[in-house]
Amino acid sequence: MSGLARDAAAFKTALHRQDYTSWHSQPPGLQPPQPAAPAGDAESSKKKKRPKSNVVYSQPADTGTGTNVNTQLVYLVNHLKSNGNPMRLQDLAIITNTPVDTDKVLLEKFRAHDRVIHDPKTDLYSYRHDFNVRNKAALLTEIQRQTRKGGGLSVRTLKESWKEAPQAIEELEKEGEVYVTRTLKDGQMRMVFWNEVKPTEEQGGMPVEKEFHDLWHGLEVPNDVDLLKALANEGLQATASAAPVLKGAAKKKGKKSAPRQRQVRITNTHLKGTIDLSRDYVAPGAAPK
């Protein structure tokens, strides 16, 4: 028994000396299982969402001034119009991205345009507006000239010629120099006319008092039925519209005349007596049918 006890003690000593740092003796700990994703989420993750685009494919994309000479000419004239001030040719070429300073064909068309003004002294280009107006006095002179011809001026056209034209027109209206027509919807200025009658007590032209404005707008026009009754009570009649004149005289109804016999001109009279034209032609030597 003593030998068996010694072997058991030696075995225990060998166990204590064993190295447990290897991966066989110390396996990694188990990770907790993750919950499975739903089937719907898995399918949506597979399908990538397309980013939303604001591009309208039905409209052509703005590709700039392009390469066509006429298209570049339109860009040049429009920029000169919107700028309002004289510009150098090199500045126009840089801002509009057009070769107007190097392309001879484009430069010739640009100078020959009826809306382009070239000053050879300063070598500057400006836009030719409908009216050369730069101050309130010149604006009033232009309105007077146009009113004497029998018409007014469009406020929009004047604003294109001079950006401060609407403010000057409002000042002239307060001074009684012009009349301004406005839109019913938003009251924007539409047309301007020269006021020939100055607002004075002797000559007239003074604004009507508010009392008369209220009386005038307070009147109500009766409807058609009440208007006819009011006329009948006063012994009056409504004016009737004139009967429309029929085009063409009316035909008189009566007995139908017999149709006229039209004379028919007889041709081939020179063959009368030699050939019977009432019969079919039969070639000589052929048997008649």
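The entries below cover a pair of helices and then a sheet with its helices.

I noted that this is a predicted model, where local features need pLDDT of at least 70, side-chain atom pairs count only at pLDDT 80 or more, and totals for chains, interfaces and linings use all residues. Residues are numbered from 1 along each chain as its sequence is written, and side-chain values use heavy atoms, with hydrogens and water left out.

Entry one: the helix pair. I looked up helix 3 (residues 69-83) and helix 5 (residues 104-111), whose axes come within 10 Å and cross at roughly 45°. Helices (H or I, at least four residues) and strands (E, at least two) are DSSP runs, numbered from the N terminus. Axes are lines fitted to C-alpha atoms, for helices over the stretch in contact, and angles run from 0 to 180 degrees between N-to-C directions. I listed the residues of helix 3 that meet helix 5, among them Leu-73, Leu-76 and Leu-80. On the helix 5 side I found Val-105, Leu-106, Lys-109 and Phe-110. Contact means heavy atoms within 4.5 Å.

I found an open sheet of three strands in the order 3-5-4, with antiparallel pairing. Its edge strands are strand 3 (153-154) and strand 4 (178-182), each pairing on one side only. Two strands pair if DSSP finds at least two bridges between them. Strand 3 and strand 5 (residues 189-194) are joined by two bridges, and Leu-153 has Val-192 in strand 5 as its bridge partner.

Entry three: helices on the sheet. I saw helix 6 (residues 136-148) pack on the sheet, touching strand 3, strand 4 and strand 5, with its direction at about 80° to that of strand 5. Helix 8 (residues 165-174) lies across strand 4 and strand 5 and runs at about 120° to strand 4.
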